[in-house]
Amino acid sequence: QVQLAESGGGLVQPGGSLRLSCAASGAIASINAMGWYRQAPGKQRELVAGITSGGTTNYADSVKGRFTISRGNAKIPVYLQMNSLKPEDTAVYYCNADIVTWSQYRADYWGQGTQVTVSS
């Protein structure tokens, strides 16, 4: 069974920084593209940043220049560094990954989310 677990969320003042981590566990053979999504109250879930297995990144226009997605190791395969945070960044942030298991089953997996609140 594959699991993703986000951590690093919390309450931060405008202009502050947070780093989110996404830990992966289970029978994982390989991880392809990964991404961070967020969902604010009353809004649809949206892509914040994505990264391919080769390291190519893409960002939502609203976070370009402030957020950085990076790949880590097998235990924590992806991070999201968030700088210059704004109140409108407040949301639940989710980790997503395209994973192939040892039984060669490929699927999209999601974490349970971590709350980020930007407020003074």
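Helices (H or I, at least four residues) and strands (E, at least two) are DSSP runs, numbered from the N terminus. Following the sequence, the pattern is β-β-β-β-β-β-β-β-β-β-β.

Before selecting anything, note that this is a predicted model, in which local features need pLDDT of at least 70 and side-chain atom pairs count only at pLDDT 80 or more, while totals for chains, interfaces and linings use all residues. Residues are numbered from 1 along each chain as its sequence is written, and side-chain values use heavy atoms, with hydrogens and water left out.

**The whole chain**

Zoom out. Along the principal axes, the C-alpha atoms fill a box of roughly 50 × 25 × 25 Å. The radius of gyration of the protein chain is 14 Å, which agrees with the value near 14 Å for a compact globule of 120 residues; this radius is taken over C-alpha atoms, and the globule rule is 2.2 Å times the number of residues to the power 0.38.

Switch to a surface view. The protein chain exposes about 6,300 Å², and carbon and sulfur atoms supply 48% of that area (Shrake-Rupley method with a 1.4 Å probe; for residues, only the protein chains shown count as cover). Of the 120 residues, 42% are buried. Buried means under 20% relative accessible area, exposed over 50%, and partly exposed in between (1.4 Å probe, protein chains only).

**The core**

Select Trp36, Leu80, Met82 and Tyr93: these residues have the most contacts inside the largest nonpolar core, which has 32 residues. Elements giving two or more residues to this core include strand E3 (18-25), strand E4 (28-39) and strand E10 (106-110). E9 gives the most, with 5 residues. A nonpolar core is a set of buried Ala, Val, Leu, Ile, Met, Phe, Trp, Tyr and Cys residues joined through side-chain atoms within 4.5 Å.

**Ser21**

Next, select Ser21 in strand E3. Is Ser21 buried or exposed? Ser21 is buried, because its relative accessible area is 12%. Leaving out residues up to four places away in sequence, Ser21 touches Ala5, Glu6, Ser7, Trp36, Ile76, Val78 and Tyr79; a contact means heavy atoms within 4.5 Å.

**Ser84**

Move to the loop between strand E8 (78-82) and strand E9 (91-101), where Ser84 is placed. Ser84 is partly exposed, with a relative accessible area of 41%. Its phi is positive, about 50°, although Ser84 is not a glycine. Show its neighbours: beyond four places away in sequence, Ser84 touches Gly15, Gly16, Ser17, Arg66 and Asp89. Then draw a distance from Ser84 to Ser30: the two are 54 residues apart in sequence and 33 Å apart in space, C-alpha to C-alpha.

**Gln104**

Finish at Gln104, in the loop between E9 and E10. Gln104 has a phi near 65°, a positive value in a residue other than glycine. Gln104 counts as exposed, at 59% relative accessibility.
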